[in-house]
Amino acid sequence: MKTIDHDKLKFIDSIRVIHPRFKKAMDAIEEIHQESLYSDAPSSLLIHGDTGSGKTTLLKTYIGRHMHVSSDVVEGIRYSTQNILHLSLPSPVKYTILTERLLQELKDPYPNKGTVAQKGDRLIKLIRKNRVELIMLDEFQHFVDRDRRKVMLGVTDWFKSLMVQTQIPVIFLG
């Protein structure tokens, strides 16, 4: 019986053959990310494709190359920053759940506490405090209720408000 060499399998799995469309999408994300550093009205982007077409791989590759997380202790309090906020959207998506998940990603100690407005205010403050430059959301199709064939307007309105208040570009993948 042959033994499986897990290190070789991990290495093979890590190999990326960069297709021209993959590179084009990476370049588009990077352009929007860089533009956001000097623009008052940053652009956002929707990347869509069939299941298995590489959207999540694109997200993970971009994050792997460009995400910076730092941590510092000031007067006994630990502060951290991360330049990319990313999340795979739950299904079904509701703005209350989305707010809590984003708060969790930013290490809010009490993401479930407070009113919707209080959570939203904390999220905006944490986005600024963490110096988030780009938000990446995978599984964007969860913004659509397939059973009723309609866009979840409450979630999209809430998210548009977040984008306007933070002036941070969003990359939607789905």
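Predicted model: local features only at pLDDT ≥ 70, side-chain atom pairs only at ≥ 80, totals over all residues.
I take contact to mean heavy atoms within 4.5 Å. Residues are numbered from 1 along each chain as its sequence is written, and side-chain values use heavy atoms, with hydrogens and water left out.

**Entry: His66**

I looked up the neighbours of His66 and found Glu30, Asn83 and Ile84, leaving aside residues up to four places away in sequence. His66 belongs to helix α3, residues 55-66; helices (H or I, at least four residues) and strands (E, at least two) are DSSP runs, numbered from the N terminus. Its relative accessible area is 17%, so I record His66 as buried. For this I use under 20% for buried, over 50% for exposed and partly exposed in between (1.4 Å probe, protein chains only). From His66 to Thr99 I noted 24 Å between C-alpha atoms, at a sequence separation of 33 residues.

**Entry: helix α4**

Which residues of helix α4 (residues 95-105) are buried? I listed Leu98, Thr99, Glu100, Leu102 and Leu103. The buried residues of α4 pack against β4 (84-88), α5 (116-129) and α6 (153-166). After α4 comes Lys107, with a positive phi near 65 degrees.

**Entry: salt bridges**

Glu100 pairs with Lys119, with 2.4 Å between the closest N and O atoms. This pair joins distant parts of the chain, helix α4 and helix α5, 19 residues apart. Both Glu100 and Lys119 are buried.

Asp108 pairs with Arg122 at 3.0 Å between the closest N and O atoms. Here the loop between α4 and α5, which holds Asp108, is linked to Arg122 in helix α5, 14 residues away. Asp108 is buried at 11% relative accessibility, whereas Arg122 is partly exposed at 23%.

Asp27 and Lys23 meet through their side chains at 3.0 Å, N to O. They are separated by about one helical turn because they stand four residues apart in helix α2 (residues 20-36). Asp27 is partly exposed at 36% relative accessibility, and Lys23 is partly exposed at 44%.

**Entry: Phe11**

Is Phe11 buried or exposed? At 56% relative accessibility, I count Phe11 as exposed. Phe11 lies in helix α1, residues 6-14.

Conventions: Salt bridge = Lys/Arg side-chain N within 4 Å of Asp/Glu carboxyl O.
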